[in-house]
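Dear colleague,

I am handing over a structure to you with this email, and I would ask you to open it beside the text.

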Amino acid sequence: MIDYLILAPLDLEIGSLLRAFDSVDSPRNCLRDGSLYFKIQSPTQSGERADLRIVQLKHPGILQAVVTTSLLIEEWRPACVVSFGIAGGFLESGDIAFEDVVVAEHVFYYEPAKETGIPSR
């Protein structure tokens, strides 16, 4: 069992996560599907260490993310799963800067619009 499973698809996102956990030089490991992951031990406020796995999803899209995540949840049994992304569209507004943390109040399923150009409702 691990404490946190953090998922991200882009090199930019993985780099940000590794810098945030001061783990840029962590060795890369490989999953069966070719996705990369990093094993990280991070100190907690209580002085204990949290066991993290940061996974760079090999394939884009919700279906591939669901398949990979489901397999990893079954194998690693994380206490918490985090989906990490850059939310690039928010940078255009000028309200946030690169590597700011944005926590959503609502979640919208946008994948069909992204793949087909037709807005989802």
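Read along the sequence, the chain follows the pattern β-α-β-β-β-α-β-α, which amounts to three helices and five strands; here helices (H or I, at least four residues) and strands (E, at least two) are DSSP runs, numbered from the N terminus. Please keep in mind that this is a predicted model, in which local features need pLDDT of at least 70 and side-chain atom pairs count only at pLDDT 80 or more, while totals for chains, interfaces and linings use all residues. Residues are numbered from 1 along each chain as its sequence is written, and side-chain values use heavy atoms, with hydrogens and water left out.

Of the 121 residues in the chain, 28% are buried, where buried means under 20% relative accessible area, exposed over 50%, and partly exposed in between (1.4 Å probe, protein chains only). Among contacts (heavy atoms within 4.5 Å) with a separation of 6 or more, 54% are between residues 24 or more positions apart.

Helix α1 covers residues 11-20, and its buried residues are Glu13, Ile14, Gly15, Ser16, Leu17 and Leu18. These buried residues of α1 pack against β1 (4-8), β3 (36-43) and β4 (49-56). Alanine 20 is also found in helix α1, but alanine 20 counts as exposed because its relative accessibility is 63%. The C-alpha atom of alanine 20 is separated by 9.5 Å from that of glutamate 99, although the two are 79 residues apart along the chain. After α1 comes aspartate 22, whose phi is positive, near 50 degrees.

The second largest pocket has a volume of about 170 Å³. A pocket is an open set of points on a 1 Å grid over the protein atoms alone, where a 1.4 Å probe fits, with protein on both sides within 12 Å along at least five of seven lines, and lining residues have an atom within 4 Å of a point; the volume is the space filled by probe spheres set on the points, which are joined across faces, edges and corners. Helix α2 (residues 62-76) gives the largest share of the lining of this pocket, seven residues, and among the lining residues are Leu31, Tyr37, Gln64 and Trp76.

Finally, arginine 53 lies over the face of tryptophan 76, at 5.7 Å from the ring centre; a charge sits over a ring if NZ of Lys or CZ of Arg is within 6 Å of the ring centre and within 35 degrees of the ring normal.

With best wishes
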